[in-house]
Amino acid sequence: MEDQRILITGGAGFIGSHVVEHMVKSYPNYKIVNLDALTYAGNLENLKSVEGAENYHFVKGDICDAEILKELFEKEKFTGVIHLAAESHVDRSITNPLEFIQTNVLGTVNLMQAAMNAWKDDFEGKRFYHISTDEVYGSLGKEGLFKESTPYDPKSPYSASKAGSDHFVRAYANTYGFPVVISNCSNNYGPRQFPEKLIPLFINNIRHMQPLPVYGDGQYIRDWLHVHDHAKAIDKVYHEGKLGETYNIGGWNEWANIDLIHVLIKEVDAQLGRDSGASESLITFVKDRPGHDKRYAIDAQKIKDDLGWTPDYTFEEGLKETVAWYLENTEWLDHVTSGAYQDYYSKQYASE
Ligand code: NAD
Ligand code: TYD
């Protein structure tokens, strides 16, 4: 591709910040503009490594704000969009579904509309890349994997809102010939993930000798992928993915929550210099998440066959590195867990 001007939304969040960092550093000839509303999950501390880069610019703004988008598209003449901005946490979607519809569905449509208006039906050389989740496929039993052809069956307000946005993206492609590509990825882990999600939440609680709230029996299964591997996959799909196609991205790395938690405790204890298993007693089985999806697992064969992408990280090295990052970046952790986080935490885990 020629030199690009790319709008990345949600670039101050967990995955977005790794995508911004990767794109800014890998493509010095591109201009990368990061639009982020800086909700509780967005944090400019995540972007320190690119702050002063010449090919990078940050704009604070909401994807639901049509005016900001219009101005930004007119000014920057984007050739592409990589859309990651979203409300992303299942538990929050259970207590506050409307925010998820607002950002994930309306925000996505608003963003596409802005791109449509700016590109004025001349889609040559343009692309809109929508980042989605494997959760849109629903929940698997013991066998089977999610393929790109698996019918959508979302079961939480979060996954329903992501499924809704995916449907709109495909509808725009079908109706207007809008140049889209979509990927659906499994659970990510790695540095800078907000500590509401399982791995960083548990690392932080082990650090403070706080209870580790395991939902239900802990036998729920997720397929974990390091965020750097996701960022590289996003680069591949953006540059080489075929318009109109969907790519599933996953780690071939299934873990029952409770097994992962034992490994995590061992690693955190080792890095903190505690006796092996010292923090096992923190495990606390709590009330299950309502409608908790049993198992997610991705068949990532298509992206391997078509685009030559496979994950680089082993889970062992990825987890070790991730634990080390959180234990070295306690200032980051303490910052994001102060204030509103305390309120969220006490409400979410009230029954502990
Ligand atoms: P995150 O919650 O860490 O970050 C979301 C970012 O979007 C934040 O910086 C936030 O400020 C921003 N944002 C939220 N609402 C906005 C709005 N209205 N306008 C502009 N910016 C807004 O999320 P994440 O985990 O980095 O996920 C990024 C994307 O990847 C999401 O679309 C998510 O559905 C998808 N995804 C996540 C995972 C995962 O495991 N985390 C897996 C697959 C797909
Ligand atoms: P999470 O990180 O919220 O990701 P998702 O729900 O999108 O898969 O949760 C991962 C798994 O860990 C999921 O099965 C729910 C479980 N979990 C707990 O057992 N306790 C917790 O406190 C959290 C946040 C998650």
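Predicted model: local features only at pLDDT ≥ 70, side-chain atom pairs only at ≥ 80, totals over all residues.
Reader: Let's start with ligand 1. How many residues surround it, and which are the closest?

Author: The shell has 28 residues, and the closest are Ile 15, Asp 36, Ser 88, Tyr 158 and Lys 162.

Reader: OK, Tyr 158 then. What does its polar side-chain atom lie 2.7 Å from?

Author: That atom of Tyr 158 sits 2.7 Å from an oxygen atom of ligand 1. Ile 15 also reaches an oxygen atom of the ligand, but with a backbone N or O atom, at 2.8 Å.

Reader: And which side chain has an N or O atom 3.3 Å from a nitrogen atom of ligand 1?

Author: Thr 103 does, with an N or O atom of its side chain at 3.3 Å from that nitrogen.

Reader: What percentage of ligand 1 does the protein bury?

Author: On its own the ligand exposes 840 Å², and the protein buries 97% of that.

Reader: Which helices and strands supply at least two residues each to that shell?

Author: Those are α1 (14-26), β5 (127-133), α5 (157-176) and β7 (187-189). The largest share is from β5, with three residues.

Reader: How does the shell around ligand 1 divide into nonpolar, polar and charged?

Author: There are 13 nonpolar, twelve polar and three charged residues around ligand 1.

Reader: Switching to ligand 2. Which residues come nearest there?

Author: Glu 135, Pro 213, Arg 222, Arg 289 and Tyr 349, out of 19 residues around ligand 2.

Reader: Where does Glu 135 put its polar side-chain atom?

Author: It lies 2.6 Å from an oxygen atom of ligand 2. A polar backbone atom of Leu 198 is 2.9 Å from an oxygen atom of the ligand. For Asn 257, an N or O atom in the side chain is 2.9 Å from a ligand 2 oxygen.

Reader: And how much of ligand 2 gets buried?

Author: The protein buries 98% of the 510 Å² that ligand 2 exposes when taken alone. Two elements give two or more residues to this shell, namely α6 (198-207) and β8 (212-215).

Reader: Last topic, the helices. At roughly what angle do α2 and α4 cross?

Author: Roughly 35 degrees, with the axes of α2 (residues 66-76) and α4 (residues 97-119) coming within 9 Å. The crossing is right-handed.

Reader: Which residues meet there?

Author: From α2, Ala 66, Leu 69 and Phe 73 meet a set in α4 that includes Leu 111, Ala 115 and Trp 119. By class, that contact has eight nonpolar residues, one polar and no charged ones.

Key
Residues numbered from 1 in each chain as written. Chains lettered and ligands numbered in written order. Heavy atoms only, no water. Near = heavy atom within 4 Å. Polar contact = N/O pair within 3.5 Å; in protein donor to acceptor, adjacent residues only side chain to side chain. Areas by Shrake-Rupley, 256 points an atom, 1.4 Å probe, with all protein chains shown as cover. Helix = DSSP H or I, 4+ residues; strand = E, 2+ residues; numbered from the N terminus. Nonpolar A, V, L, I, M, F, W, Y, C, P; charged D, E, K, R; others polar. Axes fitted to C-alpha atoms, helices over the stretch in contact; angles between N-to-C directions. Left-handed = near helix turned anticlockwise from the far one by under 90°. Contact = heavy atoms within 4.5 Å.
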